[in-house]
Amino acid sequence: MNPKENLKKLNLELPEVSTPGGSYVSVNIRKNIAYIAIQFPILNQQYHYQGR
């Protein structure tokens, strides 16, 4: 059974993939430091868990 059939059997749906807000790289590594771009928890085109 493939993953899509398993999800359907369990009555689950995957959320839509959100559209990127710009042209950027999620992680940029320079020497021994990793710089992480702002990551927003987006589910079905809505922001979740917004902070200050």
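Me: What should I know about the model before we start?
Reply: It is a predicted model, where local features need pLDDT of at least 70, side-chain atom pairs count only at pLDDT 80 or more, and totals for chains, interfaces and linings use all residues. Residues are numbered from 1 along each chain as its sequence is written, and side-chain values use heavy atoms, with hydrogens and water left out.

Me: How do you know how confident the predictor is?
Reply: We read pLDDT, the predictor's confidence in each residue, from 0 to 100. The protein averages 81, and 90% of the residues score at least 70.

Me: What makes a run of residues a helix or a strand here?
Reply: Both are DSSP runs, numbered from the N terminus: a helix is H or I over at least four residues, a strand is E over at least two. By that rule the protein has one helix and four strands, in the order α-β-β-β-β from the N terminus on.

Me: Why are E1 and E2 called paired?
Reply: Two strands pair if DSSP finds at least two bridges between them. Strand E1 (residues 27–30) and strand E2 (residues 33–36) are joined by four bridges, so they pass, and they run antiparallel. Within the pairing, Asn28 stands opposite Tyr35, and Arg30 stands opposite Ile33.

Me: What lies between E1 and E2?
Reply: Two residues, and the strands form a hairpin. Lys31 sits in that loop, and its phi is near 55°, a positive value in a residue other than glycine. Asn11, in the loop between H1 and E1, also has a positive phi, of about 65°, although it is not a glycine.

Me: Why is Lys31 called exposed?
Reply: The cut-offs apply to relative accessible area: buried is under 20%, exposed over 50%, and partly exposed in between (1.4 Å probe, protein chains only). Lys31 has 86%, so it is exposed. Asn11, with 73%, is therefore exposed, and Ile38, in the loop between E2 and E3, is exposed because its value is 62%.

Me: Which label do Val27 and Ser18 get, and why?
Reply: Val27, in strand E1, has a relative accessible area of 42%, so it counts as partly exposed. Ser18, in the loop between H1 and E1, has 29% and is therefore partly exposed. As for buried residues, they make up 0% of the 52 residues.

Me: What makes Val27, Ile29 and Ile36 a nonpolar patch?
Reply: Like charges are joined within 9 Å, and nonpolar side chains (Val, Leu, Ile, Met, Phe, Trp, Tyr) within 5 Å. Val27, Ile29 and Ile36 make such a patch, of about 320 Å². Accessible areas come from the Shrake-Rupley method with a 1.4 Å probe; for residues, only the protein chains shown count as cover. The protein exposes about 5700 Å², with carbon and sulfur atoms supplying 55% of it.

How values were computed:
Patch = residues over 30% accessible without salt bridge, like charges linked within 9 Å, V, L, I, M, F, W, Y side chains within 5 Å. Salt bridge = Lys/Arg side-chain N within 4 Å of Asp/Glu carboxyl O.
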